[in-house]
Amino acid sequence: MAKSVLSQEEILDIDVSVSRVTLSLRRCWETCRNAGRDLCRSKTAVIGALMLLLMFSLCLLTPYIARYDPIQQNYREMLHTPSAQHYFGTDRYGRDIWSRILWGGRRLLMISLLAVLVGILVGIPMGTLSGYYGGWMDALTMRLVDAWL
């Protein structure tokens with residue numbers, strides 16, 4: 001008979017911790033599923049989510065679906081109306097508006113993701129320290145946040 005490397009107490013501790021993790025994951029899954037079900041009941045939420053998904057997908061696929069360089073000027077095609085060649089037409093410098101919107105959306109997406117990341121990296125430690133110390137630290141943090149806004 002082979003001997004176990006772990007003692008009986010260690011095995012019981014592992015079983016308890018695994019069941020706690022499983023229970024925590026199950027609660028998280030139930031919460032997400034309930035939120036998803038509630039969102040799917042609302043037509044406006046579904047339409048908004050689909051629009052965001054479409055915009056996000058278009059911005060990610062911009063290098064593959066944009067036909068023209070958004071910066072290059074083409075004076076032969078100035079102020080063209082929307083057509084199969086230029087979906088949204090061209091501007092007064094002959095630049096394709098569809099390509100400009102896609103590349104601008106891609107840049108906007110990166111800027112917004114970076115802004116959220118910076119907000120998280122600065123806001124969580126700042127709020128944690130403010131809540132932990134309280135008093136004058138809390139007041140100072142509140143004034144700094146008020147000044148930023």
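## The overall picture

Let's start with how the chain folds back on itself: among contacts (heavy atoms within 4.5 Å) between residues at least 6 apart in sequence, 35% join residues at least 24 apart. The model you are looking at is predicted, so local features need pLDDT of at least 70 and side-chain atom pairs count only at pLDDT 80 or more, while totals for chains, interfaces and linings use all residues. Residues are numbered from 1 along each chain as its sequence is written, and side-chain values use heavy atoms, leaving out hydrogens and water.

The protein has five helices and zero strands, giving the pattern α-α-α-α-α along the sequence. Here helices (H or I, at least four residues) and strands (E, at least two) are DSSP runs, numbered from the N terminus.

## Surface and interior

Of the 149 residues, 14% count as buried. Buried means under 20% relative accessible area, exposed means over 50%, and partly exposed lies in between, using a 1.4 Å probe and protein chains only. The accessible surface comes to about 12500 Å², and 68% of that surface belongs to carbon and sulfur atoms. These areas come from the Shrake-Rupley method with a 1.4 Å probe; for residues, only the protein chains shown count as cover.

Is Cys 40 buried or exposed? Cys 40 counts as exposed because its relative accessibility is 60%. Cys 59, at 7% relative accessibility, counts as buried. The structure holds zero disulfides (a disulfide being a pair of cysteine sulfur atoms within 2.5 Å).

## Helix α4

Helix α4 covers residues 97–133, which makes 37 residues. From its first C-alpha to its last, α4 reaches 53 Å, close to the 54 Å expected at 1.5 Å a residue. That expected span is 1.5 Å times one less than the number of residues.

Which residues of α4 are buried? They are Trp 98, Ser 99, Leu 102, Gly 105, Leu 109, Met 126 and Ser 130. An α-helix has 3.6 residues a turn, so residues three or four places apart point the same way. The buried residues of α4 pack against α2 (43–60), α3 (62–65) and α5 (135–148).

## Where α4 meets α5

Just after α4, Gly 134 takes a positive phi of about 65°. The axes of α4 and α5 come within 6 Å and cross at roughly 145°. Axes are lines fitted to C-alpha atoms, for helices over the stretch in contact, and angles run from 0 to 180 degrees between N-to-C directions. The crossing is left-handed, a term used if the near helix is turned anticlockwise from the far one by less than a right angle, with right-handed used if clockwise.

On the α4 side, the residues in contact are Val 122, Met 126, Leu 129, Ser 130 and Tyr 133. They meet Gly 135, Met 137, Asp 138, Thr 141, Leu 144 and Trp 148 in α5. Trp 148 counts as exposed because its relative accessible area is 60%. Leaving aside its neighbours within four places in sequence, Trp 148 is in contact with Val 122 and Met 126.

## The loop between α3 and α4

Leu 79 sits in the loop between α3 and α4. Although not a glycine, Leu 79 has a positive phi of about 55°. Most residues other than glycine have a negative phi. Leu 79 is exposed, with a relative accessible area of 58%.

Thr 90 lies in this loop between α3 and α4 too, but Thr 90 is buried, with a relative accessible area of 5%. What does Thr 90 contact, leaving aside its neighbours within four places in sequence? Its partners are Glu 77, Met 78, Leu 79, His 80, Arg 95, Asp 96 and Ile 97. Glu 77 is 13 residues from Thr 90 along the chain, and their C-alpha atoms are separated by 7.0 Å.
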